[in-house]
Amino acid sequence: MNLLAAEQLGKSHGEKLLFEEVSFGVEAGDKLGIIGVNGTGKTTLLNILAGLEPPDRGQVVKGSGVRLRMLAQNPPYDPNMTVLEHVYQGDSPELQALRSYSEAMTALELRSGDEAAQQRLLTASQRVETLGAWQLESDAKAALTRLGIADYGARMGTLSGGQRKRVALAEALVQPSDILILDEPTNHIDNDSVAWLEEMLQRRRGALLMITHDRYFLDRVTSRILELDQGRAFFYTANYSRFLELKLDREAREAAAESKRAKLLKQELAWMRKGAKARTTKQKARIDRFETLQQEQTREAAGKVDVSVASTRLGKKILELHELGMEVDGRVLIRNFSYMTVPGDRLGIIGRNGLGKSTLLRLIAGRLEPTAGEVVLGPTVKLGWFTQEHEEMDERLRPIEYIREAAEQVRTSDGTMIGASQMLERFLFPGPQQWTPIERLSGGEKRRLQLLRVLMEAPNVLLLDEPTNDLDIATLTVLEDYLDEYPGVAVIVSHDRYFLDRTVSRIVAFEGDGELALHVGNYSDYAARKQEALRMAPGKAPAVQEGREVAALEEKADSSSRYRSRAPRMSYRDQQDYEQIDGRIEAAEQQLQQLTAQMEQAGSDAVRLQELVAEQRTAEAALDRLLERWTELQELAEQIEAAKH
């Protein structure tokens with residue numbers, strides 16, 4: 001069933017073309033991810049589809065009776081409303097009944113014992129019962145709790161920006177809709193909430209359109225990708241992993257076509273320069289052909305951010321945390337935490353919202369004083385802090401002025417000195433845009449500008465607080481590559497699992513009650529150990545016991561390894577696995593190849609494609625386990641062989 005159709009949509013901001021001739025349909029069950037470099041018009045496209053902004057050209061046709069809900073990047077709110085009142089906004093009978101019940105409950109609390117207030121509450125309760133809306137109330141409170149909002153009676157005006165965004169997300173999820181539009185839904189929520197949201201959207205039956213930078217989220221939730229690139233829209237019936245393959249194929253075809261066009265143009269140019277002796281029909285056609293080729297304007301490849309700024313030299317002593325403690329309003333956020341960085345350290349900070357992750361960065365940056373212990377910075381340390389918010393930007397400035405405040409020129413990693421204007425061009429801010437007031441930039445463009453400002457100062461210790469919020473995937477990819485080569489230390493607070501997997505080698509997990517636990521490895525390593533610890537000790541509370549359980553598991557593994565090294569031998573099961581493992585791996589690889597072929601044939605069958613994606617993930621996990629087992633058996637076989645000699 002076609003719920004919505006976009007027909008030949010076009011939009012410009014001033015002289016800048018965002019997109020043109022964008023046409024597509026949205027069917028029931030579609031899960032469409034929209035991606036593109038910041039400033040290409042992703043949010044504008046969602047606003048047009050939601051009816052919040054008119055297109056310059058084309059139209060949006062919505063089916064009769066189709067209900068559409070949208071979560072905006074900066075959702076509006078009434079500061080005097082309570083959290084529940086905000087979530088219960090809407091015109092459905094169920095929401096109206098719940099709203100009346102909530103208002104009656106508040107009135108009764110203010111006038112305890114008042115018979116009229118009691119009667120009003122009873123009437124409202126019966127109305128909710130008649131409509132079967134108690135489940136909706138339960139779902140609303142469950143969503144708020146999973147998103148870290150426990151005080152349902154709090155006024156919206158008293159909440160932080162991140163908390164308001166989470167309340168708005170709960171509202172969008174709870175309210176009945178045929179089409180749900182989400183603009184960066186994973187911003188401002190922690191890893192556990194992202195995983196819950198991922199599962200919820202996978203089960204959701206209605207259509208989904210969303211913008212997100214979270215590549216794991218895109219891969220697991222979407223079945224179609226719409227890419228905005230240089231004013232054009234490209235559609236792929238695929239999840240994010242498959243999209244990358246198809247995009248490479250498309251770019252290769254376009255490069256081949258451009259090479260062929262250039263070759264033809266060169267040939268026609270040579271003929272034209274010889275001069276036509278007569279204007280025969282054949283020669284006239286050839287002249288027309290030359291003019292057509294000459295006038296064809298090939299679009300430049302999608303802009304790529306180029307980060308090549310060098311860092312300041314770093315001494316031996318870098319960053320040391322000695323028995324650090326922090327208490328705020330009687331609540332312990334950090335208790336007795338010590339850590340000493342080494343050159344090249346990549347430290348990821350994770351944990352539920354409100355536990356103190358950003359506070360730790362503020363302590364390191366010297367913006368807060370600890371209540372216990374100390375933060376010691378080496379004499380050569382030059383901090384660069386990429387914050388969550390834009391509050392440090394004077395949006396009346398122009399990008400060139402903002403960057404020149406940091407440095408007129410900077411030395412790149414290859415030793416070249418380049419000016420602020422050139423660096424802005426490398427960060428996809430062309431000449432005219434460098435003189436556009438910052439307030440007119442998109443949210444993602446402001447984040448990209450802020451990142452450039454930090455890097456222009458050539459820091460050797462980077463503090464990145466939720467760096468993936470509002471940055472496009474292209475910028476994140478280059479930032480990841482930059483961190484691969486960055487010689488300094490990076491401390492990263494993030495809920496983006498993919499970004500953490502790509503960039504960090506150690507995890508500091510906030511586990512509640514001020515406890516911080518250190519884990520070696522990236523986020524996936526940490527999550528696997530956490531899952532294993534919970535499996536081995538299901539009766540224990542994970543928040544406090546997790547670090548001890550993981551340590552016990554590692555100690556047990558070390559003990560087992562030491563025992564095995566003293567008397568290496570293969571058990572009967574080891575021997576069976578050793579003889580069969582190669583065949584099992586080959587079969588698993590063949591299964592993955594078959595699934596890939598089936599995904600290519602699935603075409604526009606979104607339901608079947610989603611099933612195949614789930615099967616592919618299961619098969620990949622099985623292959624990973626086989627490869628790990630193969631490595632273990634190979635090491636055991638080598639130990640046995642070495643013991644013989």
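**Figure 1. The open sheet β2-β1-β4.** Three strands make up this open sheet, in the order β2-β1-β4, with antiparallel pairing; strands pair if DSSP finds at least two bridges between them. Helices (H or I, at least four residues) and strands (E, at least two) are DSSP runs, numbered from the N terminus. β2 (16–27) and β4 (57–62) each have a single partner strand and stand at the edges, so one side of each is left without a neighbour in the sheet. From one strand to the next, the twist averages 10 degrees; axes are lines fitted to C-alpha atoms, for helices over the stretch in contact, and angles run from 0 to 180 degrees between N-to-C directions. The model is predicted: local features need pLDDT of at least 70 and side-chain atom pairs count only at pLDDT 80 or more, while totals for chains, interfaces and linings use all residues. Residues are numbered from 1 along each chain as its sequence is written, and side-chain values use heavy atoms, with hydrogens and water left out.

**Figure 2. Strand β1 with β4, and helix α1 on the sheet.** Strand β1 (residues 2–13) and β4 run antiparallel and are joined by five bridges. Glu7 has Gln59 in β4 as its bridge partner. Helix α1 (residues 42–49) packs on the sheet and touches β1, β2 and β4; contact means heavy atoms within 4.5 Å. The direction of α1 makes about 130 degrees with that of β1.

**Figure 3. The six-stranded open sheet.** The strand order is β5-β6-β7-β3-β8-β9, and the pairing is mixed. β5 (68–71) and β9 (232–236) stand at the edges with a single partner strand each, so one side of each is left without a neighbour in the sheet. On average, neighbouring strands are turned by 15 degrees against each other, direction ignored. Strand β3 (residues 31–35) runs parallel to strand β7 (residues 207–211), and four bridges join the two. Ile34 stands opposite Ile211 in β7.

**Figure 4. Packing of helices α3 and α5.** Helix α3 (residues 93–110) packs against helix α5 (residues 134–146) at an angle of about 75 degrees, with the axes 10 Å apart. The two helices are therefore roughly perpendicular to each other; angles under 35 degrees count as roughly parallel, over 145 as roughly antiparallel, 65 to 115 as roughly perpendicular and the rest as oblique. From α3, Glu94, Leu95, Leu98 and Tyr101 meet Trp134, Leu136 and Glu137 of α5.

**Figure 5. Glu137 in helix α5.** Glu137 lies in helix α5. Glu137 counts as buried because its relative accessibility is 14%; buried means under 20% relative accessible area, exposed over 50%, partly exposed in between (1.4 Å probe, protein chains only). Apart from neighbours within four places in sequence, Glu137 is in contact with Tyr88, Leu98 and Tyr101.

**Figure 6. The nonpolar cores.** A nonpolar core is a set of buried Ala, Val, Leu, Ile, Met, Phe, Trp, Tyr and Cys residues joined through side-chain atoms within 4.5 Å. The largest has 51 residues, and those with the most contacts inside it are Val83, Leu144, Val167, Leu182, Leu197 and Leu201. Helix α6 (residues 161–174) gives the most to this core, with seven residues. Leaving aside neighbours within four places in sequence, Val167 is in contact with Val83, His86, Val87, Leu144, Ile149, Met156 and Leu159. A second, separate core of 40 residues includes Val410, Ile418, Leu449 and Tyr486.
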